[in-house]
Amino acid sequence: MALDLEEQEQVAELKAWWRQHGNLIVSVVLAAAVAFAGWQGWRWYGASQAAQAAAVFDALAKAAQGGDAKAVRDSAGTLIESYPRTLYASMGALVAARFHFDRSDLKAAKAQLEWVLERAPSDEFRDIARLRLAAIALDENAPDEALKLLDAKHGAAYESQYAAMRGDALLAKNQRAEARAAYQLALEKAVTEQSAFRESVRMRLEALGS
């Protein structure tokens, strides 16, 4: 079917416009396609990494329950070396730290907790790590180091535990009045804490006397 003069002019204008802008349009479309493919690939990679990290964490948890120190070290090492950006790496380090702490291997426990403090993507994990590092400092008779850790900014959910630990550190320095105030604050903030924690703080407070 023959085109009339007006249609021929429109086709000619379209061809001229395409010759001028066609390369740019193709480049934009290709860039968008590459970006989309990259985003989809990154999502797949992230999901794959999380799944692999979860399997390693599961192995670590089972090793900790079974008392297998070598397997705990190996699994924790794999998590922080191969999957450092996942939450499983931080959780694994905390589990490994508790495992080593319970066996009086304070050096290994500190190494795991310090990694969490430096690399964890979650403020909550850092709050827990700082609290446990303070407990180790007290075990090593370093109350000033513990107080420095406990003075750091932390979430409100851990205020009662930080206050109780601060009381222990102050008591270790024989600052009884300050320790009493810290224990009282711990009780005031322990709204959501388990009864065993509140009772423990209450007993420490009563031990100080009036």
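1. Helices here are DSSP runs of H or I with at least four residues, and strands are runs of E with at least two. By that rule, the chain has nine helices and zero strands. The model is a predicted one. Read from the N terminus, the order of elements is α-α-α-α-α-α-α-α-α.

2. Next, burial and surface. The chain has 210 residues, and 35% of them count as buried. Its accessible surface comes to about 13,100 Å². Carbon and sulfur atoms hold 55% of that surface.

3. How much of the contact count comes from residues 24 or more positions apart? Among contacts in the chain with a separation of 6 or more, such residues account for 51%.

4. Now the aromatic rings. A search of the whole structure turns up one aromatic pair. The partners are Phe57 and Tyr88, with ring centres 5.9 Å apart. Their planes meet at 45°, so the pair counts as tilted. The pair links distant parts of the chain. Phe57 lies in helix α1, residues 5-66. Tyr88 lies in helix α3, residues 87-102.

5. Are the two partners buried or exposed? Phe57 has a relative accessible area of 18%. Buried means under 20%, so Phe57 is buried. Tyr88 has 27% relative accessibility. That value falls between 20% and 50%, so Tyr88 counts as partly exposed.

6. The charged end of Arg103 sits over the ring of Phe99. Its distance from the ring centre is 3.7 Å.

Definitions and conventions. Residues are numbered from 1 along each chain as its sequence is written. This is a predicted model: local features need pLDDT of at least 70, side-chain atom pairs count only at pLDDT 80 or more; totals for chains, interfaces and linings use all residues. Side-chain values use heavy atoms; hydrogens and water are left out. Buried means under 20% relative accessible area, exposed over 50%, partly exposed in between (1.4 Å probe, protein chains only). Contact means heavy atoms within 4.5 Å. Accessible areas come from the Shrake-Rupley method with a 1.4 Å probe; for residues, only the protein chains shown count as cover. Rings of Phe, Tyr and Trp (its six-membered ring) pair if their centres lie within 6.5 Å; planes under 30 degrees apart count as stacked, over 60 as edge-to-face and the rest as tilted. A charge sits over a ring if NZ of Lys or CZ of Arg is within 6 Å of the ring centre and within 35 degrees of the ring normal.
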